[in-house]
Amino acid sequence: MTLVSFFSFLFKSLIMALSNFSWRPPQPSFFLVGIPGLEESQHWIALPMGILYVLALVGNATILFIIWMDPSLHQPMYLFLSMLAAIDLVLASSTAPKALAVLLVHAHEIGYTVCLIQMFFIHAFSSMESGVLVAMALDRYVAICHPLHHSTILHPGVIGRIGMVVLVRGLLLLIPFPILLQKLIFCQATVIGHAYCEHMAVVKLACSETTVNRAYGLTVALLVVGLDVLAIGVSYAHILQAVLKVPGSEARLKAFGTCGSHVCVILVFYVPGIFSFLTHRFSHHVPHHVHVLLAILYLLVPPALNPLVYGMKTQQIRQRVLRVFTQKN
């Protein structure tokens, strides 16, 4: 109940912050193009997007249900996995419905406030996902390097505090995005060459000074991704050092195997995200439709693949899922 109240308070605060600028002239609605240059084939592109969204909904809901119902899975690794699944549900649902509406039924218009709220949720929960991946790397480090103290170091109280830090960091860092955007003036150009409200795509439409917006966006991206990747790298450096000291190749392979799922999820999340970020800001040679497709895939592929990766590579999850389906049959 406390968490629900917190989210309710946050949402109301965000709406109030956005409405505090009522003295400004009414801001226009935005027009989402979809995928520029591929308008004729957008309905075909929507098909795999829809499949990815359904996979994300079913897969992450299944993960949450399995972990919630099975007390034996109330361990650090699975509690962090449940956090990842919840974030992925929000992330996919913040992006896919409107993007599919744009591509399939040409519902291109999006209200100004709705656009800012969508942008906030997408970027805030992307930051949270990155934070949870750091927490999962910490869990793997403690499990491999300090196995005898794993349950005492990462007890439920610590896990809850880590989750709260990840949540609050994502919210506090990203709340300035829509607030700073409210200070911009949009003259005539309200066409966003994208399928959803992406921060820099909206900033580029302003006809007023955007230096603060660009600088803050770049700072947040470098701060979140830079520090998180560094923390994950340090954790895995210690893990590698500890595993190489383990006698016997079979024992080493088993130790590495416990990290396989997490490494796959890290690569799926960070590689397209970093490439999309760099091409959007610094490269003028990548076609715009390629950037838009990458940005959409960055938000839909990880939520769709994460449950499959953990389902296939984690024996406990796989066994519970099979048990649920065999009992129904």
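Which residues make a nonpolar surface patch of about 550 Å²? In this predicted model, the patch is formed by Leu47, Ile51, Leu55, Leu305, Leu308 and Met312. Two elements, helix α2 (42-69) and helix α11 (288-313), each give two or more residues to the patch.

Apart from neighbours within four places in sequence, the contacts of Met49 are Ala99, Leu100, Leu103, Ile296 and Leu300. The C-alpha atoms of Met49 and Leu300 are separated by 7.5 Å, although the two residues are 251 residues apart along the chain.

The largest nonpolar core comprises 89 residues, and Phe30, Leu81 and Ile192 have the most contacts inside it. Helix α4 (residues 112-145) supplies the largest share of this core, namely 17 residues. When neighbours within four places in sequence are set aside, Ile192 is in contact with Phe30, Phe31, Leu32 and Val33, as well as with Cys115, Cys197, Ala201, Val202 and Leu205.

Pro76 is buried, because its relative accessible area of 11% is under 20%. Between Pro76 and His155, which are 79 residues apart along the chain, the C-alpha separation is 7.4 Å. Beyond neighbours within four places in sequence, Pro76 contacts Asp139, His150, Leu154 and Ile159.

The record annotation was then compared with the model. An unreviewed UniProt entry lists residues 41-66, 78-96, 116-138, 158-181, 220-243, 255-278 and 290-310 under "transmembrane region". Two of these spans were considered in the model. Residues 78-96 are 100% helix and 0% strand, with end C-alpha atoms 26 Å apart. Residues 116-138 are likewise 100% helix and 0% strand, and the end C-alpha atoms of this span lie 33 Å apart.

Technical notes. Residues are numbered from 1 along each chain as its sequence is written. This is a predicted model: local features need pLDDT of at least 70, side-chain atom pairs count only at pLDDT 80 or more; totals for chains, interfaces and linings use all residues. Side-chain values use heavy atoms; hydrogens and water are left out. A nonpolar core is a set of buried Ala, Val, Leu, Ile, Met, Phe, Trp, Tyr and Cys residues joined through side-chain atoms within 4.5 Å. Buried means under 20% relative accessible area, exposed over 50%, partly exposed in between (1.4 Å probe, protein chains only). Helices (H or I, at least four residues) and strands (E, at least two) are DSSP runs, numbered from the N terminus. Contact means heavy atoms within 4.5 Å. Patches are made of residues with over 30% relative accessible area and no salt bridge: like charges are joined within 9 Å, nonpolar side chains (Val, Leu, Ile, Met, Phe, Trp, Tyr) within 5 Å. Accessible areas come from the Shrake-Rupley method with a 1.4 Å probe; for residues, only the protein chains shown count as cover. A salt bridge is a side-chain nitrogen of Lys or Arg within 4 Å of a carboxyl oxygen of Asp or Glu. UniProt positions are given in the numbering used here, feature names are shortened, and annotations may be inferred rather than shown by experiment.
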